[in-house]
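Here is a walk through one protein model, piece by piece. Keep the viewer open while you read.

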Amino acid sequence: MRSAVTAAATSEETPDLKAARRVFDVAGEAIAALGQSLNGDFSRAIDAILSIKGRVIVSGMGKSGHIARKIAATLASTGTPAYFVHPGEASHGDLGMVTREDAVLMLSYRGETVELGDLMTHAKRLRVPLIGIAGYPHSTLLQTADIALVLPNAREACPMGLAPTTSTTLMLVLGDALAVALMERRGFTADQYRDFHPGGSLGKALIRVGDIMHTGEDMPLVGEDASMQQVVLTMATRRFGCVGITDKKGALAGIITDGDLARHMDRDLLDRKPLDVMTRNPKVIAADRLAAEALALMNEKKITQLFVLDTSKHPQGILHMHDCLRAGVG
């Protein structure tokens, strides 16, 4: 039962808001019905796509074509090679884009789109898996398809019941469901996702520490038996504002920062041993962690660098806050 506040808000809604909420209600009911109607044919479609060596050729006409383009893009960006082929262009030479190693995914709500005919025939000629998405089980598309994914009978949200609205929403959601199921079956990882999204905020959000850390001779490291003169010289030449102190096994024993030098500044500083000046158990990070995590840790602890250690606590690299900022992490 709606609260008095909700009822009051509803009574004050403009016609625009009422229309918008009606669209959401219709779409929500249709999506729920789609979820309930899924059966073994959905898994058969996943199996068919995973069995091919080529790409998923996605096609549709009109509004279904726009949805098909988006589905192809989503598949391709999540580990399933896919390509959109316009059915009209297919009839004028683009049928050559479909090979015997591919699968074809066709969208048409009524399943009677004439322009899909040549591509449908070509798919059957090549004997490649043909997956159809439509709302009419007895339509030409679903009767011809090897695997039929049937959309529930849902009214369009437009006042005339004519403009593709609910039907295209269902196609889009079903395409997303296929992409996600394929991701999980393939074991698609965040690193793979980043490889397909090197630009933009998605790529930056998935940058790993190991991608941007400094390694090898760039690392400011000295052994525990080194002199303080070596520590100061290394700090000055490497310009990270710190020096890592390693034990006889090469593991990181501690760190000396410019702050540590300032705190121990006296006439006897250069006569001391690094072990007497260093900070033990410094904050460190692993190479496979997200750079965003490293930046958050540095901000939290008010430090500007982190040594990157392997499982044996040996330094693999060093990461400065500026490295994260230059990479667009932040």
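The expected span of a helix is 1.5 Å times one less than its number of residues. Keep in mind that this is a predicted model. With that rule in hand, take helix α2, which covers residues 15-37 and has 23 residues. From first C-alpha to last, α2 reaches 33 Å, close to the 33 Å expected.

What does the same rule say about α8? The 21 residues of α8 should span 30 Å at 1.5 Å a residue, and its end C-alpha atoms are 30 Å apart, so the two values agree.

Which residues of α2 are buried? They are Val26, Ala27, Ala30 and Leu34. These buried residues pack against β5 (147-150) and α8 (166-186).

The list for α8 includes Thr166, Ser167 and Thr168, along with Leu170, Met171, Leu174 and Gly175. Leu178, Ala179, Ala181 and Leu182 are buried in α8 too. As for partners, the buried residues of α8 pack against the helices α2, α3 (40-51) and α4 (63-77), and against the strands β3 (103-107), β4 (130-134) and β5.

**The four-strand sheet**

Now for the sheets. One of them is open, has 4 strands in the order β6-β7-β8-β9, and shows mixed pairing. At its edges are β6 (221-223) and β9, each of which pairs on one side only. Helix α12 (residues 228-238) packs on this sheet and touches β6, β7 and β8. The direction of α12 makes about 135° with that of β7.

Inside the sheet, β7 (residues 242-246) and β8 run antiparallel and are joined by 5 bridges. The two strands form a hairpin with 5 residues between them, and glycine 250 in the turn has a positive phi of about 90°. On its other pairing, β8 meets strand β9 (residues 279-280) in the antiparallel sense over 2 bridges.

Isoleucine 255 is worth a click: this β8 residue is the bridge partner of glycine 244, and isoleucine 255 also stands opposite threonine 279 in β9. Strand β8 (residues 252-257) is mostly covered, with 5 of its 6 residues buried.

**Cysteines**

How many disulfides does the structure hold? The count is 0. Cysteine 242 is in no disulfide, and the nearest cysteine sulfur, that of cysteine 324, is 14 Å away. A disulfide would need the two sulfur atoms within 2.5 Å. In the sheet, cysteine 242 stands opposite threonine 257 in β8.

Is cysteine 242 buried or exposed? Cysteine 242 counts as buried because its relative accessibility is 0%. Cysteine 158 is buried as well, at 14%.

**The three-strand sheet**

Another open sheet is formed by 3 strands in the order β10-β11-β12, again with mixed pairing. Strands β10 (284-285) and β12 (315-320) each have a single partner strand, so one side of each is left without a neighbour in the sheet. Helix α15 (residues 291-301) packs on this sheet, touching β10, β11 and β12, and its direction makes about 130° with that of β11. Strand β10 pairs with β11 (residues 305-309) in the parallel sense over 2 bridges. In that pairing, isoleucine 285 has valine 308 of β11 as its bridge partner.

**An aromatic pair**

A pair of aromatic rings is described by the distance of the centres and the angle of the planes. The count here is 1 aromatic pair. Tyrosine 109 and tyrosine 136 form this edge-to-face pair, at 5.7 Å centre to centre and 75° between the planes. The pair links distant parts of the chain, 27 residues apart. Tyrosine 109 is in the loop between β3 and α6 (117-126), while tyrosine 136 is in the loop between β4 and α7 (140-144).

| Residue | Relative accessibility | Class |
|---|---|---|
| Tyrosine 109 | 10% | buried |
| Tyrosine 136 | 33% | partly exposed |

Why do the two get those labels? Buried means under 20% relative accessible area, so tyrosine 109 at 10% falls in that class. Tyrosine 136, at 33%, counts as partly exposed.

Definitions and conventions
Residues are numbered from 1 along each chain as its sequence is written. This is a predicted model: local features need pLDDT of at least 70, side-chain atom pairs count only at pLDDT 80 or more; totals for chains, interfaces and linings use all residues. Side-chain values use heavy atoms; hydrogens and water are left out. Buried means under 20% relative accessible area, exposed over 50%, partly exposed in between (1.4 Å probe, protein chains only). Contact means heavy atoms within 4.5 Å. Two strands pair if DSSP finds at least two bridges between them. Axes are lines fitted to C-alpha atoms, for helices over the stretch in contact, and angles run from 0 to 180 degrees between N-to-C directions. Rings of Phe, Tyr and Trp (its six-membered ring) pair if their centres lie within 6.5 Å; planes under 30 degrees apart count as stacked, over 60 as edge-to-face and the rest as tilted.
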